[in-house]
Structure formats: structure tokens, C-alpha cells
Amino acid sequence: MSTQQIPADLLKKTKKILFVAPLAIGDFSYLQNSFKAFSQAYPHIEMHLWVDELRRTRDERQWPFLEKYALYDWVSDCDLFSKVYRRTYNPALLAESIQEAKNEEYPIVVSLSILRPQHYASLARKLSPQGYIAGIKQPISLLKLHHLFTYKKLDATILENRFQGQQVHISTIYADWFNQAFGIESKEEDLFPYVNIPKQWLQQARLQLEKWGFDKTKCKVVFINPFAKINKRCWPLAKVAELIKAMQAMKAWRGACFVVSAPPEKLAQTQATLKEYNLKNTQFFSAQENFFQLPAMLSWCDLIISVETAVMHLANAVHVPVIALMRQKNPEWAPLDQIHSKVITSTHRHDWVDAISVDNVIEQLSHCVKPEIQEEALAF
């Protein structure tokens, strides 16, 4: 069934298009496939990307970290976009970027956001006053009737989720957005996340493991990520320490080495906190130079344990087994690879991730290890 909202004739004569989205790494893990499908369906159209920073602030102390947001490295290196707007993290730079976009006179702008979609409808129209604007539209409740005025700025609307009542993955929802907008149909096998890691970062990660004394031929390497952007999705460092000690006491993980991940701004604090636990064979990691340091390090690991954030999606992309610690709230964001992923959810819907116990994780480890080969790696 054809659902194409943006006219085919307009797309035929269009030479460039701007996509606007408050992207996170997890979003791009799945949207990348849709952008790739668009480039194959419309090879004559140059794609530009506006990465809107939700953490935008007037606090100058935050700007150095926001300027180095790892996602920028990925979207700039993936060869899909001719131009990436990445200077939207403070009000002054935002104003400059808006004017820069206006000067491009985009014939088509598409906003892709389920967070305040009415806001992004207005932003898209501001970026291209005379262009054809398409964007996500959410159902209107009585309390949000004022959003109708904003949605009138759209020339075409994309329904947020046409799968209400069905259990579908976020990758399916994203692919459907491109189906609605452009008539692009994606097969299930085309939705799997991927990342092309430059050799230099793979080599750097291997050398880092060697520098730490982690010999992959003699021990398993476990990557633990307890951090997310919001506290509701973080796991306490005390539980990280408890888990490492518990795993090192297990026959299957005796001699294992652990890499504990932290964002650059929290790395020193993480090291100081966990130092008190006298953990053996444990080192700390942060992708401080380039985004690709993260998937490169993940690719060398035997198991990844992560809260609900980008790491668990990248684990699928680099084909490493993952145990994901999640709230019940957003099951559509579970790792896509069900065979090589185990999901642990908090007991109650309103629980935060910190409600998940170390015993919950240990139980999954026991289920994943085949009894007859306890000394071997996990069998997912």
C-alpha cells in the first residue's frame, strides 16, 4: 500500500533535502539504515542533517563536552550526508546555524522527532520558510489543542506510530516513517544496526587492551557500561563493583578482565569511586578522542553488560553478546538481536534501572552458560 506523503514529482526535481532530528547514538543506530535506503532510492538528492542538541545551554562550562558529542564523528564519517549541522548546543551558535540553513533555501525539510514534534515542526519551517515541510505528528489531546496551530506549518505529516497495540521494535517504527514520507519499504533484515569502524581505531583498541595486560588468548574481556544521559537509566557503581567481584568468583569467569565505561566528564570520578573496592583486572574506558573508539573497544570484548543506552545497540552492531539492563517503560528500545541479547527489566513499571540487582545479572549469566562447558564463554 502506497503511503507516500511527499510528492514523487517534487522528489524527482529536488537536488537537496534537510533532515532535522534531536539525534542520540541509539537513534542513529537504527535511522542509519533508513537514511541509507533513502540514498539508494533517491541517489540524485544530496542529504543534509541537522543534529539538534536537546542539552543546549547557556552554561559555558558544558560547551566543550557538547561540542565533542561523539555522534558527530559517526554521522560525518558514514558518507551519507554532504553537510551536518553540529553547532546547535548554545543559543548563539543555534542562531548562526538557523541563518546558515535559511541561506541554503532547502526545497524539502523533514523533521524526525517524537520529542516535542510540534516544536520541530516550527523549527523546520523556520529553517526553510518557502520549502516543503514534512514532520512527525502526534495525536492531539484536549490539553494539546494549541499544537494544532503549529502542525499547520507542515505540508505533510508522518504519524508517530502506526503500530499502536502491537509489539514492534523502534527500528520498525523508524523505517515506517520513511515509508510514509517517501514510499520506501524496508525488509526486516535491512533494519539490523551496523557500524563501519576505521582500522586505526580497531588497532588502537587492541593496543590499549595489550597495554592494560589483557591477553585475549588467555582471558575473557567483559565491558560494563553503567551510565546513561539520565539518572533513571543509570546503574550504581557500587553494584558494578559487586558484579565484578561476583563474576571473578565464578568458575566460568575466573581470570576475566573488565572494562568499565564512563563518559569523559565522569571518568575521573568513576575511577576514584571504584578504586576503593580494590578490583582486580579492571580498567576504565572513555571514548575521548573519537566516537569510533567505543565500537572498536566493544568489538574486542566477549560480553557487554549495559544499561539502556547506545552501548547496548552498538553491541548488536559489532556482533558481541549483550546483557541489557532496562526499565519496563520502553520495550521497543530493547536490542534488536534477540538471539545474542538478554534483557533484564526492573520489576515494576515505574522502577529505575538501579532497582535491578546484581543477583538478577548473575542469574542471566548462569542461564547463558552451558552446564557442560562452564569454563567456556557464554553460549547465547
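**Figure 1. Strands S1 and S4 pair within a six-stranded sheet of the predicted model.** Three bridges join strand S1 (residues 16–21) to strand S4 (residues 108–111), and the pairing is parallel. The model is a predicted one. Leu18 has Val109 in S4 as its bridge partner. Helix H5 (residues 91–104) packs on the sheet and touches S1, strand S2 (46–51) and S3. The direction of H5 makes about 145 degrees with that of S3.

**Figure 2. The open sheet that contains S1 and S4 has the strand order S3-S2-S1-S4-S5-S6.** Its six strands pair in parallel. Strand S3 (83–85) and strand S6 (156–159) stand at the edges; each has a single partner strand, so one side of each lacks a neighbour in the sheet. On average, and with direction ignored, neighbouring strands of this sheet are turned by 20 degrees against each other.

**Figure 3. An open sheet of six strands has the order S9-S8-S7-S10-S11-S12.** The pairing in this sheet is parallel. Strand S9 (282–285) and strand S12 (341–345) are the edge strands, each pairing on one side only. Neighbouring strands here are turned by 20 degrees against each other on average, direction ignored. Strand S7 (residues 221–225) and strand S10 (residues 303–307) run parallel and are joined by four bridges. Within this pairing, Val222 has Leu303 in S10 as its bridge partner.

**Figure 4. Helix H2 packs against helix H13.** The axes of H2 (residues 25–41) and H13 (residues 310–317) lie 8 Å apart, at an angle of about 30 degrees. The crossing of H2 past H13 is left-handed. From H2, the contact takes in Ile25, Gly26, Ser29 and Tyr30; from H13, it takes in Ala310, His313 and Leu314. Of the residues in this contact, four are nonpolar, three are polar and none is charged.

**Figure 5. Phe28 and Trp74 form an aromatic pair between helices H2 and H4.** The structure as a whole holds 22 aromatic pairs. In this one the ring centres are 5.0 Å apart and the planes stand at 85 degrees, over the 60 degrees required, so the pair is edge-to-face. Phe28 lies in helix H2 and Trp74 in helix H4 (residues 71–77), and the two are 46 residues apart, so the pair links distant parts of the chain. Phe28, at 0% relative accessibility, counts as buried; Trp74 does too, at 2%.

**Figure 6. Ring pairs link a cluster of aromatic residues.** Phe28 and Trp74 belong to this cluster. Its other members include Phe19, Phe35, Phe38, Tyr42, Phe81, Phe178, Phe182, Phe291 and Phe292.

Conventions:
Residues are numbered from 1 along each chain as its sequence is written. This is a predicted model: local features need pLDDT of at least 70, side-chain atom pairs count only at pLDDT 80 or more; totals for chains, interfaces and linings use all residues. Side-chain values use heavy atoms; hydrogens and water are left out. Axes are lines fitted to C-alpha atoms, for helices over the stretch in contact, and angles run from 0 to 180 degrees between N-to-C directions. A crossing is left-handed if the near helix is turned anticlockwise from the far one by less than a right angle, and right-handed if clockwise. Contact means heavy atoms within 4.5 Å. Ala, Val, Leu, Ile, Met, Phe, Trp, Tyr, Cys and Pro count as nonpolar, Asp, Glu, Lys and Arg as charged, and the others, Gly among them, as polar. Two strands pair if DSSP finds at least two bridges between them. Rings of Phe, Tyr and Trp (its six-membered ring) pair if their centres lie within 6.5 Å; planes under 30 degrees apart count as stacked, over 60 as edge-to-face and the rest as tilted. Buried means under 20% relative accessible area, exposed over 50%, partly exposed in between (1.4 Å probe, protein chains only).
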